[in-house]
Amino acid sequence: MKILIIGAGYMGRRCKEAWGDEAVLSEKIISTVDEALAEIDAHSPDVVFNAAGIKGVPNVDWCEDHQLETIRGNTLEPIVLADACQQRGVYLLHMGSGCIFYGDSAHEDKAWREDDMGNPQPVYSRTKWAADLVLSTLPNVGIARIRMPIDWKPAPGNLINKLASYPKVIDVENSVTIVEDMIDVFHQLLEKRAAGIFHVSNPGTMRHRELIGLYEELVDPSHTNEWISNEELVAQGLATKGRSNNFLANENLAKVGITMRPIGEALRDTLEKYAEAKNAE
Ligand SMILES: NC(=O)c1ccc[n+]([C@@H]2O[C@H](COP(=O)([O-])OP(=O)(O)OC[C@H]3O[C@@H](n4cnc5c(N)ncnc54)[C@H](OP(=O)(O)O)[C@@H]3O)[C@@H](O)[C@H]2O)c1
């Protein structure tokens with residue numbers, strides 16, 4: 001299988017590292033259907049993986065004042081790329097975000113299903129949801145939503161690095177995605193050319209306190225931080241907009257025969273590997 005990866009950022013590069021010669025990582029910025037067609041024709045891939053997007057620097061609050069750039073990267077680019085893939089009859093797997101859901105769902109277990117309607121207010125989440133809404137009507141397209149990536153490899157976008165660097169941390173409970181598992185699931189979805197929406201989060205939920213607890217046990221016993229409530233995050237000026245906290249049900253992965261490790265097991269394993277990687281630095 002020849003995979004064309006669009007979006008040479010954190011996720012695109014992590015997938016390229018894992019997939020090796022099977023994948024080509026495009027460095028091109030895609031703004032038009034013609035540009036997308038040219039990139040597909042230049043590489044003749046069996047499948048296209050879209051890891052492009054705009055998530056703001058240093059964080060998603062940037063998107064609040066840069067709506068057009070965010071719309072171009074998160075809504076227009078996926079539509080343009082999907083258009084080109086449809087024209088060439090190539091399967092597209094698009095990276096979505098679970099941060100389109102805020103709070104509890106209406107289901108008894110409070111978890112959001114793949115086909116539930118998003119309810120986002122922030123610009124970043126709205127632009128991601130807009131792409132999902134329209135791409136999900138197309139055949140031969142998969143949408144893989146992840147949440148709060150946790151990686152054994154130290155990186156600025158890794159939730160371990162982020163939480164360990166904050167002096168004040170909110171203790172919230174969430175569905176999260178272990179990057180090592182995510183890369184494997186993406187590969188399986190590409191192989192199966194699986195259409196529809198998939199929640200690529202590890203079964204179970206995690207509190208930030210659990211991650212920090214393992215970090216202090218396995219990586220840095222001298223680490224300290226203050227715990228604050230979710231409401232205090234915005235009230236204290238640490239964020240412009242409240243962050244999405246939610247639980248995702250991943251029913252559609254099971255339907256195509258894909259499973260992920262429970263978060264408890266995967267989290268400890270990832271922190272152990274993270275500690276090894278830090279020691280090797
Ligand atoms: N990381 C997370 O926490 C997270 C969570 C949920 C979902 N996601 C989604 O996963 C995807 C990848 O995220 P990431 O963490 O890898 O972000 P990233 O590190 O910012 O990488 C995104 C890459 O896409 C590129 N890009 C932007 N617009 C493009 C366009 N029109 N054509 C081609 N490339 C374009 C960016 O280039 P520039 O740097 O030049 O802008 C950047 O290299 C995004 O769609 C994001 O919404 C990420």
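## About the model

What you see is a predicted model, where local features need pLDDT of at least 70 and side-chain atom pairs count only at pLDDT 80 or more, while totals for chains, interfaces and linings use all residues. Residues are numbered from 1 along each chain as its sequence is written.

## The chain as a whole

The protein chain has 10 helices and 12 strands (DSSP runs numbered from the N terminus: H or I of at least four residues for helices, E of at least two for strands). Its radius of gyration is 18 Å, close to the 19 Å that the globule rule gives for 281 residues, so the chain is as compact as a globular protein of that length. The radius is taken over C-alpha atoms, and the rule is 2.2 Å times the number of residues to the power 0.38.

Buried residues make up 41% of the 281. Here, buried means that 20 or more other C-beta atoms lie within 10 Å of a residue's own, exposed means 12 or fewer, and partly exposed is in between, with C-beta atoms placed from the backbone.

## Helix 3

Let's follow helix 3, residues 67-88. Its 22 residues should span 32 Å at 1.5 Å a residue, and its end C-alpha atoms are 31 Å apart, which agrees; the expected span is 1.5 Å times one less than the number of residues. The helix bends by about 40° at Leu76, with Pro78 following within four residues. That bend is the angle between axes fitted to the seven residues ending there and the seven starting there.

Pro78 is also one of the buried residues of helix 3, which include Gly73, Leu81 and Cys85. Among the elements covering the buried residues are strand 1 (3-6), helix 2 (33-43) and helix 4 (123-135); contact means C-beta atoms, placed from the backbone, within 7 Å. After the helix comes Gly89, whose phi is positive, near 65°.

## Around the ligand

Of the 23 residues around the ligand, Gly9, Tyr10, Met11, Ala52 and Gly53 come nearest (a residue is near if its C-beta atom, placed from the backbone, lies within 6 Å). Helix 1 (10-19), helix 3 and strand 4 each give two or more residues to this shell, and helix 1 gives the most, with three.

## Ile258

Ile258 sits in the loop between helix 9 (251-255) and helix 10 (263-280). Ile258 is partly exposed, with 17 other C-beta atoms within 10 Å. Not counting residues up to four places away in sequence, Ile258 touches Val185, Gln188 and Leu253.

Definitions and conventions
Two residues are in contact if their C-beta atoms, placed from the backbone, lie within 7 Å.
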